[in-house]
Amino acid sequence: MTGGGGERDAASDRGGDLAALRGADDATVYQPAEDSGLLAEAAIEEAHGRVLEVGTGSGWVAERIADERGLDVVGSDRNPHAARQARARGVEAAVADLLDPFRADAFDAVCFNPPYLPTDPDNEWDDWMEHALSGGESGRELIEPFLADVGRVLAPDGVVLLLVSSLTGYDEVLELVEDAGFDHEPVVEESFPFETLTVLALRRASRSTA
């Protein structure tokens with residue numbers, strides 16, 4: 001569930017090919033919005049080395065990181081329409097379920113704007129846009145497996161940038177973060193009429209010695 005902050009037509013200067021792709025894929029690919037802008041802002045500040053954006057959507061965030069920091073950025077998304085649109089932006093993008101295909105210690109920074117809207121199972125609509133938006137009944141359906149596995153692909157001094165909505169249960173997400181062995185600190189935060197969005201920087205918890 002990624003895109004870009006309030007700049008919903010950020011790629012309008014990319015020419016006819018991308019415009020045609022957007023026209024074909026907009027109904028199936030999450031496009032830039034406020035949450036995406038916050039993730040990009042945090043990543044431009046905190047990311048280093050080789051970067052993975054999970055759930056890259058249109059590729060807008062990955063493109064921003066590459067352009068503004070000059071970093072090597074890979075995007076992944078389970079939606080093949082999203083991977084195609086990200087590649088049209090020049091982002092190396094794989095069709096993948098979360099972190100499954102990536103090797104251990106492969107990335108110095110991992111960014112994720114997860115699908116986080118709590119969704120009543122009786123109201124699920126079962127299409128690509130649902131996959132981009134719905135976090136299941138708790139809103140944390142994708143956050144839990146992501147946190148359980150992200151330490152595997154993260155380099156020893158790496159950082160995870162995770163966007164969290166108050167709709168998802170902020171304290172509950174922090175518990176999952178700590179259970180996964182990470183310290184956390186907010187990098188950017190913004191409040192809207194119906195939710196507060198926070199990007200957390202996660203780093204492996206420091207171990208004190210007796």
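Arg50 and Asp72 form a salt bridge, with their closest N and O atoms 2.3 Å apart. A salt bridge here is a side-chain nitrogen of Lys or Arg within 4 Å of a carboxyl oxygen of Asp or Glu. Arg50 sits in strand S1 (residues 50–54) and Asp72 in strand S2 (residues 72–77), so the pair ties together parts that are 22 residues apart in sequence. The model is predicted: local features need pLDDT of at least 70, side-chain atom pairs count only at pLDDT 80 or more, and totals for chains, interfaces and linings use all residues. Residues are numbered from 1 along each chain as its sequence is written, and side-chain values use heavy atoms, leaving out hydrogens and water.

**Salt bridges**

- The whole structure holds six salt bridges.
- Side chains of opposite charge can pair when their charged atoms come close.
- Glu68 and Arg64 meet in a salt bridge at 2.7 Å, N to O. Both lie in helix H3 (residues 60–69), four residues apart, which is about one turn of the helix.
- Glu185 forms a salt bridge with Arg203, the closest N and O atoms being 3.2 Å apart. This pair links distant parts of the chain: Glu185 is in strand S6 (residues 182–191) and Arg203 in strand S7 (residues 196–204), 18 residues apart. Salt bridges that share partners join Glu46, Glu185 and Arg203 into one network.

**Exposure**

- Buried means under 20% relative accessible area, exposed means over 50%, and partly exposed lies in between (1.4 Å probe, protein chains only).
- Arg50 is partly exposed at 28%, and Asp72 is partly exposed at 39%.
- Glu68 counts as partly exposed at 46%.
- Glu185 is partly exposed at 38%, and Arg203 is partly exposed at 30%.
- Five of the six residues of S2 are buried, so S2 is largely enclosed by the rest of the structure.

**Strands and crossovers**

- Helices (H or I, at least four residues) and strands (E, at least two) are DSSP runs, numbered from the N terminus.
- Two strands pair if DSSP finds at least two bridges between them.
- S1 and S2 pair in the parallel sense over five bridges. Gly75 in S2 is the bridge partner of Glu53.
- S2 also pairs with strand S3 (residues 92–95), in the parallel sense, over four bridges. Glu92 in S3 is the bridge partner of Val74.
- The chain crosses from S2 through helix H4 (residues 80–88) to S3, and this β-α-β crossover is right-handed.
- S1, H3 and S2 make a right-handed β-α-β unit.
- Right-handed means that, with the strands pointing away from the viewer, the path from the first strand over the helix to the second runs clockwise.
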